[in-house]
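This briefing concerns one protein model and its ligand. Please view the sequence and the structure below before reading the points that follow.

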Amino acid sequence: MEKNNISYIDLDQAKAFKALETLSPLSLEKLLTTSAIAEKTAASGAGLSYNYAAMPVGEKQLELLEQLTEEMQLIGKFRLLAAGGVMNTGEKRKVLHHLCRSELVGKVLDEKGQDIGAFYREQQRRFSDFAGKVHAGEITGSTGKAFTTVLQIGIGGSDLGPRALYLALEGAVEAKMKGLFISNVDPDDAAAVLSGIDPERTLFILVSKSGTTQETLTNRDLVLSWLESKEIPGLKPGKQMVAVTSATSPLAGSDTLLDSFYIDDFIGGRYSSTSAVGGVILSLAFGPEVFDRLLKGAAETDAIALNAPFRENAPLLDAAIGLYLRNILHYPVTAVLPYSQALSRFPAHLQQLDMESNGKRVNRDGKPLGYSTGPVVFGEPGTNGQHSFYQLLHQGTDIIPLQFVGFKKSQRGEDRNDEAGINSQRKLNANLAAQIIAFAKGKEDVNPNKSFPGGRPSSLLVGDRLSPEVLGALLAHFENKVMFQGFLWNINSFDQEGVQLGKILTKKLLSGETEDQELMAFDTLLR
Ligand SMILES: O=P(O)(O)OC[C@H]1O[C@](O)(CO)[C@@H](O)[C@@H]1O
């Protein structure tokens, strides 16, 4: 037992899990009825709902999954996390991204007794003011011209979440500035983006929590020398750039830059979209009030995840059913399929969120696990995916559970009725409904090549329109789902040691310190 009566056991020690293992799998075709579609639904924030009628779980499974979440104390662990418990056991850190949205369980103090939420709010106030001044023309480029473009330099969590959110908001609200991103150390990434911008009117945001990431520092230097190379009278490259970093990073406190905004070690990269990491670019691109609306939606989902009972708690249900798919039915992959072009990069963000968090093979105390953890996650917007990889999803040898996301209304509202009076949004959603049924029910045919086995599960997250609030709720839904699953697997979802080895070998290779012959041989192949 640890403090607060929270105890940590591996999944395979839980009684409810052992009971789940004894149940026979159910026929999806029998489970999928019109009343199940009406009843098997639960709320996330901002009117978003999670429908699991096409998931292979019946009453008994749900009862045991609920017992499992209680036995593994998921809500107690979330409460402890939100209160500032050291849930990142590997790095011995608190995990406080929820605090960027609201004080779920009251104030959280650091070791000096300082209010950490107040620090996050202060940073939000600072970057909101900064954005307001840029929009009002009070803060300009170093040659006096108004900034019209904002370009984020960062990678991983300092790119994927903010980029996915930026793209998702472009059609939801009117933009105040154009947003662009450079992430890859591939020089072609920077060259392509820089070729289309006005150096005097572009504000660069250098985002690196650690301040040590090779790709980001390389791109910073590349951008600064590109600005220098323009030889524009009066242009000061550093004064076209702000930083977002942690107060302990080597980038902190630089007076060569226009300004700096801070996060701390308690906000993990892939969980940082609602901190200054996402907040600076989103406030500049769309206005601080739009970023506020996104935070509000995320806070609504957080409150549901913490307080709602199992059957009314979408992130908790999604996590528990996902565990059933992974550890009872042994499906190793999940596809996320948003029927919304605005969410084109959302699957890429979820890939990092889920796979970097739960791609672990030891428990939170470092002991090897005897069961599977996080699935492989991939996805593309529908209907594009339908004309690409859905063949394998329908008729391939593996069953891949699907997580559909759809909206009743289009985001931009521009649409056209065809001769039959049917608009494109209706066609998009008809495709989504058809896919759920085709995957679940299949279709027999005398020709085996034309036969669909069915029994392929899916869930549906559905909202009215992809507004900033709904986007925030969707983001928090997945953050909380991933967190709950990490608790179920008894792993630490908040570190990422698996990315280190490759970084170290790269460094050794570039500095000439390696004696690894095979590494040098591959390097030679690439020169
Ligand atoms: O913000 P930073 O410190 O540059 O890190 C970027 C990314 O690198 C990683 O540490 C992985 O290499 C991610 O977890 C993180 O989001």
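Helices (H or I, at least four residues) and strands (E, at least two) are DSSP runs, numbered from the N terminus. The model is a predicted one, in which local features need pLDDT of at least 70, side-chain atom pairs count only at pLDDT 80 or more, and totals for chains, interfaces and linings use all residues. Residue numbers start from 1 along each chain as its sequence is written.

**Domains**
- The protein chain is assigned domain 1 (3-95 + 297-410 + 423-441 + 450-494), domain 2 (116-291) and domain 3 (496-527); such bounds come from an automatic or database domain assignment.
- Taken over C-alpha atoms, the centres of domain 2 and domain 3 are 30 Å apart.

- An open sheet is formed by five strands in the order 4-3-5-6-7, with parallel pairing; two strands pair if DSSP finds at least two bridges between them.
- Strand 4 (178-182) and strand 7 (259-263) are the edge strands, each with a single partner strand, so one side of each has no neighbour in the sheet.
- From one strand to the next, the twist averages 20 degrees; axes are lines fitted to C-alpha atoms, for helices over the stretch in contact, and angles run from 0 to 180 degrees between N-to-C directions.
- Helix 10 (residues 276-286) packs on the sheet and touches strand 3, strand 4, strand 5 (202-207), strand 6 (241-246) and strand 7; contact requires C-beta atoms, placed from the backbone, within 7 Å.
- The direction of helix 10 makes about 135 degrees with that of strand 7.
- Five bridges join strand 3 (residues 149-153) and strand 4 in the parallel sense, and Leu151 has Leu180 in strand 4 as its bridge partner.

**Ligand surroundings**
- Of the 14 residues around the ligand, those that come nearest are Gly156, Gly157, Ser210, Thr213 and Gly269; a residue is near if its C-beta atom, placed from the backbone, lies within 6 Å.

**Annotated positions**
- The unreviewed UniProt entry annotates Glu356, His387 and Lys503 as "active site"; UniProt positions follow the numbering used here, feature names are shortened, and annotations may be inferred rather than shown by experiment.
- These positions span 148 residues in sequence, and the farthest two C-alpha atoms are 36.6 Å apart, so they do not all gather at one spot.
- Glu356 lies in helix 13 (residues 346-358).

**Backbone exceptions**
- Most residues other than glycine have a negative phi, and most peptide bonds are trans.
- Gln73, in the loop between helix 4 (59-71) and helix 5 (74-82), has a positive phi of about 55 degrees.
- The peptide bond from Gly382 to Thr383 is cis, with omega near 5 degrees.

Definitions and conventions. Two residues are in contact if their C-beta atoms, placed from the backbone, lie within 7 Å.
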